[in-house]
Amino acid sequence: MAEEQTPADSTPPGAPIAARPSRAQAFRETLNELIRLDGVRGGLIVTPDGLVITSELPPRFPVEALAALAATLGRELELGSSRLERGAFRTALFSADDGTVFVGGSPVGYVTLVADRNVNNEGVRTALGRAVDRLRGTWRTPATA
Amino acid sequence: MGLATFLERTWSGITGLVRPRSAASLFRLADQYRHEGRYEDAAELITEGLRVSPNIAVGHLLDAYLHVVFREMPAAKASFRRVLALDPYHPRALFGLARIALEEGDIEGCRPFLDRAIQYFPDFPEAKALQEMVATWTAPAAGVSSSIGAISTERLRLPPGARDLVLTHADGTLVFAQGGEERQKQLALHMTQVYRIASATLARAGLGALRRGVVEGASETSFLRSDGGIILGVTLAREVEVGAGLVQVGRLWTDLNIKV
């Protein structure tokens, strides 16, 4: 291992994720607005490198595993939109028999929401699009800590 | 406060300002900034830390993370490899390289990194999630003809403005696609990857098998439908509402009369 340890490698994989101040607060507010929508069970914001900025998921939910998959999915959606010249990736939804996962893309990272089967897809997608636009704004205008 | 204490504190303050910070403290602060989303500030500290101490694995790891955030994948890969040169079993560096291999479509190259990361650090839920996801993936069978039979596009009710119609098996084997050969290949590869990763995400969330998908880009929206064996995709204008788009894709699905 490294000679000198910092949280980047001293935090063992799977360890609890500590809350951080500053711009992360804006991310938390964005996520809190989204998870208040009808039918949305919870969600998280993860950076492209897989760092969970904030998460609000039901107890016993596999946060780390979901974050890794969400970051991988977000990156694939981003790359595909670019390679296939469909414009920058904004939002996506994937529905299954028992619920729907929404993903929003921004330079800061990916917003992932877990929702019920009968959620209002159009309503959540619109709200997620607005949230993604706000996150793009935070990327362009560096916040102070 | 006595004069001696006052002088001591003042002197301590002055020397504290000019004393060079250790690489460890620079990396610690950089990691804090990274968690706060202050990537540019973090990058400066990492550069400074690596200048002072170029052989600290965590500095290169943080450097790699920031390259990923800035989508500088070749540089990220080089930094993850520097970490491994210093610490051959660093689980986070192995995981980082696995993810890059995955996004490059190199499934065979991805697996050994995940295996090594988990071998060294068994309690690694992120790596396990990806390992389980890729475990069943196979490369598309080249040149295999479709078991679905001939696709008659004439009887398809293609929505106005529809493009990039694509039909594949879940393993990525192309059945039919619009466009030139290179475009077809890209469409099939991307749609299969999205299907597989989204399926794994839905399964991990306990929601069941993927049935429908909608991907909104800045200029177009793509719709996806699957029964687990076959994946159908089509791209429509961005203005098309989710419900209307899904109805149109459902109609195409019916027209294709898909029987796996």
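Visitor: Helix 3 of chain B passes helix 4 of chain B: is the crossing left-handed or right-handed?
Guide: This is a predicted model. Helix 3 (residues 39-52) and helix 4 (residues 57-69) of chain B pack with their axes 10 Å apart, at an angle of about 150°. The crossing of these two helices is left-handed.

Visitor: By class, what residues make the contact of helix 3 of chain B with helix 4 of chain B?
Guide: Helix 3 of chain B brings residues including Ala42(B), Ile46(B) and Leu50(B). Helix 4 of chain B answers with Leu62(B), Asp63(B) and Leu66(B), among others. By class, the count is 8 nonpolar, 2 polar and 1 charged.

Visitor: Which element of chain A gives the largest share of the side that touches chain B?
Guide: In the contact between the chains, 61 residues of chain A meet 66 residues of chain B. Elements giving two or more residues on the chain A side include helix 2 (23-35), helix 3 (63-83) and helix 4 (121-140). The largest share is 16 residues, and it comes from helix 3 of chain A.

Visitor: How many charged residues has the side of chain A that touches chain B?
Guide: That side has 31 nonpolar residues. It also has 14 polar ones. The charged residues number 16.

Visitor: Which residue in strand 4 of chain A stands opposite Thr91(A)?
Guide: Strand 3 and strand 4 of chain A run antiparallel and are joined by 6 bridges. A hairpin of 2 residues connects them. The residue opposite Thr91(A) is Gly104(A).

Visitor: What is the bridge partner of Phe102(A) in strand 5 of chain A?
Guide: Strand 4 of chain A also runs antiparallel to strand 5 (residues 110-115) of chain A, with 6 bridges. Here the hairpin has 4 residues between the strands. The partner of Phe102(A) is Leu113(A).

Visitor: How many residues of strand 4 of chain A are buried?
Guide: In a regular strand, side chains alternate between the two faces of the sheet. On one side of strand 4 of chain A, Gly99(A), Val101(A), Val103(A) and Gly105(A) are buried. The buried count is 7 of 7.

Visitor: How far apart do the C-alpha centres of domain 1 and domain 2 of chain B lie?
Guide: Chain B is divided into domain 1 (3-135) and domain 2 (153-256). The distance between their C-alpha centres is 37 Å.

Technical notes: Residues are numbered from 1 along each chain as its sequence is written. Chains are lettered from A and ligands numbered from 1 in the order in which they are written. This is a predicted model: local features need pLDDT of at least 70, side-chain atom pairs count only at pLDDT 80 or more; totals for chains, interfaces and linings use all residues. Axes are lines fitted to C-alpha atoms, for helices over the stretch in contact, and angles run from 0 to 180 degrees between N-to-C directions. A crossing is left-handed if the near helix is turned anticlockwise from the far one by less than a right angle, and right-handed if clockwise. Two residues are in contact if their C-beta atoms, placed from the backbone, lie within 7 Å. Ala, Val, Leu, Ile, Met, Phe, Trp, Tyr, Cys and Pro count as nonpolar, Asp, Glu, Lys and Arg as charged, and the others, Gly among them, as polar. Domain bounds come from an automatic or database domain assignment. A residue is buried if 20 or more other C-beta atoms lie within 10 Å of its own, exposed if 12 or fewer, and partly exposed in between; C-beta atoms are placed from the backbone. Two strands pair if DSSP finds at least two bridges between them.
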